[in-house]
Amino acid sequence: MGERYNIHSQLEHLQSKYMGTGHSDTTKWEWLTNQHRDTMASFIGHYDLLNYLAVVENESKARLKFNYLKRMVQPCGPPPFKEDE
């Protein structure tokens, strides 16, 4: 086979190509932040889901988009303090 069929090299390629796939140095906070941002982007990007959420929350679609975009800045709060810095 060759090096290109090695699962480790494929994983490294995916991690370099796509944001949020994680690596050995990814902290829990970084992983959760990526998950929350992906969720908010999905809510904004899927028109039917945004319509459903607007009806459920009794808000306009524009207000929901604004709120979701605002929540994408720091969805899990500020980063935790690192002792090694």
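A nonpolar core is a set of buried Ala, Val, Leu, Ile, Met, Phe, Trp, Tyr and Cys residues joined through side-chain atoms within 4.5 Å. The model is predicted, so local features need pLDDT of at least 70 and side-chain atom pairs count only at pLDDT 80 or more, while totals for chains, interfaces and linings use all residues. Residues are numbered from 1 along each chain as its sequence is written, and side-chain values use heavy atoms, with hydrogens and water left out.

Q: Which residues make up the largest nonpolar core?
A: Six residues do: Met40, Leu50, Leu53, Ala54, Leu64 and Tyr68. Two or more residues come from each of helix 3 and helix 4, with helices taken as DSSP runs of H or I, at least four residues, numbered from the N terminus; helix 3 gives the largest share, three residues.

Q: Why is Tyr68 called buried?
A: Its relative accessible area is 3%, and buried means under 20%, exposed over 50% and partly exposed in between, with a 1.4 Å probe and protein chains only; Tyr68 is therefore buried.

Q: What makes Phe43 and Tyr68 a tilted aromatic pair?
A: Their rings lie 5.4 Å centre to centre, with 45° between the planes. Rings of Phe, Tyr and Trp (its six-membered ring) pair if their centres lie within 6.5 Å, and planes under 30 degrees apart count as stacked, over 60 as edge-to-face and the rest as tilted, so this pair is tilted. Phe43 is in helix 2 (residues 28–45) and Tyr68 in helix 4, 25 residues apart.

Q: Why is Asn58 called exposed?
A: Asn58 has a relative accessible area of 69%, which is over 50%, and so it counts as exposed. Asn58 is in the loop between helix 3 (47–57) and helix 4 (61–71).
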